[in-house]
Amino acid sequence: MMPLRRELPPTAGLPLSWRDLTGGGPARLARDAAGFLGVDELLLTCSGTAALVVALMTLKQTSPRRTVIIPGFTCPLVPIAIAQCGLRVQTCDLVPRGLDMDPVQLRHLCDADTLAVVPTHLAGRIADVAAARQAAAAVGAWVIEDAAQAFGARTPAGPVGTQGDFGLFSLAVGKGLTLYEGGLLHVRDATLRALAREVATLLLRPDWRQEMVRGLQLAGYAALYRPGLLALAYGDGVRRALRNQDPETAAGDRFGREIPLHAVGRWRQRVGSRALTRLAPFLADGRTRAARNAGRFAAVPGVAVFTDRPGDDGVWPSLLLRLPDRASRDRALDRLWGAGLGVSRLFVHDLAGYDFLRDIVAPAPCPQARMLADTSLSVGNSPWLTPADLDRITGILADAVA
Ligand SMILES: *Cc1c(COP(=O)(O)O)cnc(C)c1O
């Protein structure tokens with residue numbers, strides 16, 4: 001048998017041990033995760049997207065408003081969820097060279113039909129939730145923090161995901177702590193939280209078929225999430241997609257239109273709870289690594305690394321890099337994407353660029369979101385990235401920019 005090539009993951013997922021998969025104990029992941037963040041209560045959902053659906057369906061019961069404002073560059077599942085709830089998507093462009101929604105445009109977009117604004121903590125970087133709250137408050141809209149990529153990130157004001165009226169986290173594969181698919185929802189207000197709990201109970205019914213599939217996928221993750229085997233579960237598929245000129249599939253951006261809604265079974269909850277006991281030191285190591293690696297990448301003339309504002313303490317599933325223009329970014333990706341080094345793209349397009357979203361996302365011009373999609377790439381912040389890997393990546397970046 002041919003030995004598999006070494007493959008690094010595109011994001012730093014928390015590896016599972018066999019001990020996580022075995023053994024009993026109560027199934028109470030939502031409680032344990034709430035304890036981890038230091039909040040009263042979290043609702044456990046079958047995905048981050050399902051948590052968004054629960055938040056939106058809850059708000060829909062309280063208001064006739066129908067528009068949800070989201071960044072022009074985010075996960076395609078977000079507009080799909082909004083549409084599935086029968087609501088209207090409005091994209092807001094980003095600030096130049098940043099990840100936040102442009103606060104001026106956001107204020108203009110907010111009106112009497114705005115149900116919610118969704119500031120998004122992309123790539124573990126901490127978004128300006130205060131600006132979103134201000135814009136939303138001015139028109140009586142709610143704030144849903146999309147912290148899908150930022151479970152465990154903190155600001156001086158508290159854990160990320162708790163400053164908005166709702167905060168959602170993803171426990172999908174590749175987002176740190178994982179159940180293969182899972183999510184958590186924080187709701188600030190106790191009355192709204194009670195309503196959200198009811199909505200979640202109605203929408204997320206036990207489904208043993210789904211649970212069996214997810215259980216097998218999670219066991220597969222535990223087995224294959226290591227450099228010696230990850231080509232099998234991840235890298236070979238990326239290379240096949242790139243050969244087929246299908247960057248959306250290579251980046252994991254291609255999603256169906258139906259958001260699965262079901263409960264999370266007891267076994268996966270126990271696995272998550274056991275893994276959660278290792279998350280704090282794992283995130284701390286990731287932060288140290290990210291600081292070191294960011295310095296290396298930022299030392300390449302022309303390459304910028306997205307970091308946090310002073311005082312903020314994000315999480316580091318990957319480092320998001322910006323190159324001077326599309327041509328240099330594409331030159332870098334030609335050699336790095338599919339090379340087994342954990343280099344990928346956060347999202348291939350801005351939301352207006354996905355054909356499969358055409359009937360959901362109005363082609364509003366979001367030039368900065370598009371610029372970000374065209375000039376950025378991500379480097380997985382996994383513990384397996386060696387100094388030699390770093391040298392290779394920085395060398396190729398320097399060539400691409402020169
Ligand atoms: C992954 C992601 C989601 C959806 O989370 P799932 O758990 O995959 O459903 C939502 N928003 C952002 C920004 C994401 O990265």
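View 1. Buried denotes under 20% relative accessible area, exposed over 50%, and partly exposed the range in between (1.4 Å probe, protein chains only). The strand spans residues 166–170, and five of its five residues are buried. Strands (E, at least two residues) and helices (H or I, at least four) are DSSP runs numbered from the N terminus. In a regular strand, side chains alternate between the two faces of the sheet. This is a predicted model, in which local features need pLDDT of at least 70 and side-chain atom pairs count only at pLDDT 80 or more, whereas totals for chains, interfaces and linings use all residues. Residues are numbered from 1 along each chain as its sequence is written, and side-chain values use heavy atoms, with hydrogens and water left out.

**View 2. The partners of β8.** Strand β5 (residues 142–146) runs parallel to β8 and is joined to it by three bridges; Glu145 stands opposite Gly167 of β8. Strand β9 (residues 183–187) pairs with β8 in the antiparallel sense over five bridges, and Leu184 of β9 is the bridge partner of Phe169. Two strands are taken to pair if DSSP finds at least two bridges between them.

View 3. Seven strands form an open sheet of mixed pairing, in the order β1-β9-β8-β5-β4-β2-β3. Because β1 (43–45) and β3 (88–92) stand at the edges with a single partner strand each, one side of each is left without a neighbour in the sheet. The partner of β3 is β2 (residues 67–71), which runs parallel to β3 and is joined to it by five bridges; Pro71 has Cys92 as its bridge partner in β3.

View 4. The ligand is surrounded by 16 residues, the closest being Thr49, Asp146, Gln149, Ser170 and Lys175; a residue is near if one of its heavy atoms lies within 4 Å. By class, this shell has six nonpolar, eight polar and two charged residues. Nonpolar covers Ala, Val, Leu, Ile, Met, Phe, Trp, Tyr, Cys and Pro; charged covers Asp, Glu, Lys and Arg; the others, Gly among them, count as polar.

View 5. Polar contacts are pairs of N or O atoms within 3.5 Å. An oxygen atom of the ligand lies 2.6 Å from a side-chain N or O atom of Gln149, and a polar side-chain atom of Ser170 is 2.6 Å from an oxygen atom of the ligand.

Notes. Polar contact = N/O pair within 3.5 Å; in protein donor to acceptor, adjacent residues only side chain to side chain.
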